[in-house]
Amino acid sequence: MNCVFRNALPFVTIGRVVKGFGRGSKELGIPTANFSEDVVEHLPKELDCGIYCGWAKVDSGPVYKMVTSIGWNPYYKNRKKSVETHILHNYETDFYGSVLKVAIVAYLRPEKNFSSLEELITAIKSDIQAADKVLEQPEYKIFKENSFFQDKNGQNNKYVNGHKT
């Protein structure tokens, strides 16, 4: 792992879930929760584009493992940088407008382009498996109980949304 990543992690952020590009559930079969542009704009510079894993909580629900993509999604040639989070839990309904808290604790791989949709889906499924395994390690599992997830507003942490609190 690059020192730049270690210096930025763990990173916690909070924001409302907004409609994304509409590809996660429909095209990929892998639903994602998307943060607003404001949250994306306040990511620390040290948090390079790539695939990360950590923990997520929607509203007052339980904390689950997650994988998040930070970047431009080269396969789709996005014009806007995005943060798309896949929570390792099956939700029955969409939760647009809900408050999403994430603790990004580990870097999995750099962002890259793919030659086909099938290749992209395979990589995402591999990322999910890797995250599931990484997050069982004690040094990452402890973040599931972080006070950030217990605090109603998520503000009792040193850094939230790139700002020192």
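This is a predicted model: local features need pLDDT of at least 70, side-chain atom pairs count only at pLDDT 80 or more; totals for chains, interfaces and linings use all residues.
Biologist: Why is cysteine 53 called buried?

Modeller: Buried means under 20% relative accessible area. Cysteine 53 sits at 0%, so the label applies.

Biologist: And what makes cysteine 49 partly exposed?

Modeller: Its relative accessible area is 24%. The class runs between the buried limit of 20% and the exposed limit of 50%, so cysteine 49 belongs there.

Biologist: How many disulfides are there?

Modeller: The count is 0. To qualify, a pair of cysteine sulfur atoms has to be within 2.5 Å.

Biologist: OK, on to the strands. Why are E3 and E4 said to pair?

Modeller: Pairing takes at least two bridges, and E3 and E4 have 8, so they qualify; they run antiparallel. Alanine 56, for instance, has tyrosine 64 in E4 as its bridge partner. The two strands form a hairpin with 4 residues between them, and aspartate 59 in the turn has a positive phi of about 50 degrees.

Biologist: What makes E4 and E5 a pair?

Modeller: They share 6 antiparallel bridges against the required two, so they pair as well.

Biologist: What joins E3 to E6?

Modeller: 9 bridges, again antiparallel, and glycine 50 stands opposite proline 110 in E6.

Biologist: Which order do the strands follow in the barrel?

Modeller: The closed barrel of 6 strands goes E1-E2-E5-E4-E3-E6, with antiparallel pairing. From one strand to the next, the twist averages 40 degrees.

Definitions and conventions
Residues are numbered from 1 along each chain as its sequence is written. Side-chain values use heavy atoms; hydrogens and water are left out. Buried means under 20% relative accessible area, exposed over 50%, partly exposed in between (1.4 Å probe, protein chains only). Axes are lines fitted to C-alpha atoms, for helices over the stretch in contact, and angles run from 0 to 180 degrees between N-to-C directions.
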